[in-house]
Amino acid sequence: MKDLIQVAGIIDATEAQLLAEEGVHWLGFPLRLPSGKDDITEEAATNIISSLSSPQAGVLISYMTKADEVSAFCDELGVKAVQLHGDVEVAELKKLKLNRPDLYVLKSLVVKEDNAEELLKLVDDCAEYVDMFITDTFNPKTGAKGATGLTHNWDVSAELVRRSPKPLMMAGGLTAENVADAIRKVRPAAVDAHTGLEGTNGRKDREKIKKFVSESRSAFAEIA
């Protein structure tokens, strides 16, 4: 996977169509969130995912920590890729990869103020059992590990890219205005945005999406 653009937090079919029209590759669906406040029903997400055609694909964004649960839910939704944002044990990652080699597994690396060494060790421990890592930003005020709208120290993400034998998707406060600089600095294989592409009504904004995709493509070409 290279030069991949993902947008997360899809709320309905209209939004999914907009993203596909503007050239977004992966559409992320956060479901069964710890807060219990999903943006979309599982039935609606399943219907959207089944309607997508290459190069678009649906991705489950999950806080589940058990391999069997993740596998079963991916089957229910019809997805072939899953982002794991919970505190998944290495043994569960290994089990998932062994039981479901067909699943493209992404493991989150949530950047805090002072946990760079911890994340580097996590990369070493998990790399064999994942297909891609994804950075995100921790919000110390809420404890949220994703969709915080906050950026983090890009030096940490850049170091994780250098350390990881697997590709890395960069997330965390990315917008149409900063994504090109982020790609140049970090040199990720993929980028992801969520809240930074929404308008005041909470829906994805077409002009923001269009610029995000354009800026991402240009920066990816520049670092190639």
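Figure 1. Take the contacts (heavy atoms within 4.5 Å) in the protein chain between residues at least 6 apart in sequence: 60% of them join residues at least 24 apart. This is a predicted model, where local features need pLDDT of at least 70 and side-chain atom pairs count only at pLDDT 80 or more, while totals for chains, interfaces and linings use all residues. Residues are numbered from 1 along each chain as its sequence is written, and side-chain values use heavy atoms, with hydrogens and water left out. The protein chain has eight helices and eight strands; these are DSSP runs numbered from the N terminus, with helices being H or I of at least four residues and strands E of at least two. Along the principal axes, the C-alpha atoms fill a box of roughly 40 × 40 × 35 Å. Of the 224 residues, 53% are buried, meaning under 20% relative accessible area with a 1.4 Å probe, protein chains only.

**Figure 2. Ile10, tucked into a loop.** Look for Ile10 in the loop between strand S1 (4–8) and helix H1 (13–21). Is Ile10 buried or exposed? Ile10 is buried, and its relative accessible area is 0%. Leaving aside neighbours within four places in sequence, Ile10 is in contact with Glu15, Ala16, Leu19, Leu27, Gly28, Phe29, Ile40 and Lys204. As for Phe29, it sits 19 residues from Ile10 in sequence and 5.9 Å away in space, C-alpha to C-alpha.

**Figure 3. Helix H3 and what its buried residues pack against.** In helix H3 (residues 67–77), the buried residues are Ala67, Val70, Ser71, Phe73, Cys74 and Leu77. They pack against helix H2 (42–51), strand S3 (57–62), strand S4 (81–84) and helix H4 (90–99). A handy reminder here: an α-helix has 3.6 residues a turn, so residues three or four places apart point the same way. Just after H3 comes Gly78, with a positive phi of about 80 degrees.

**Figure 4. H3 against H4.** These two helices pack at about 40 degrees, with their axes 8 Å apart; axes are lines fitted to C-alpha atoms, for helices over the stretch in contact, and angles run from 0 to 180 degrees between N-to-C directions. H3 and H4 are therefore oblique to each other: angles under 35 degrees count as roughly parallel, over 145 as roughly antiparallel, 65 to 115 as roughly perpendicular and the rest as oblique. On the H3 side, Ala67, Asp68, Val70 and Ser71 make the contact, and on the H4 side Glu92, Lys95, Leu96 and Asn99.

**Figure 5. H6 against H7.** Helix H6 (residues 154–163) and H7 have axes 9 Å apart and pack at about 45 degrees. That makes H6 oblique to H7. Which residues meet here? From H6 come Trp154, Asp155, Ser157, Ala158 and Val161, and from H7 come Asp181, Ala182, Lys185 and Val186.

**Figure 6. H7 alongside H8.** The axes of helix H7 (residues 179–186) and helix H8 (residues 206–223) come within 8 Å and cross at roughly 25 degrees, so H7 and H8 are roughly parallel to each other. H7 brings Val179, Ala180, Ile183 and Arg184 to the contact, and H8 brings Phe212, Glu215, Ser216, Ala219, Phe220, Glu222 and Ile223.

Terms used: Buried < 20%, exposed > 50% of the residue type's maximum accessible area, 1.4 Å probe, protein only.
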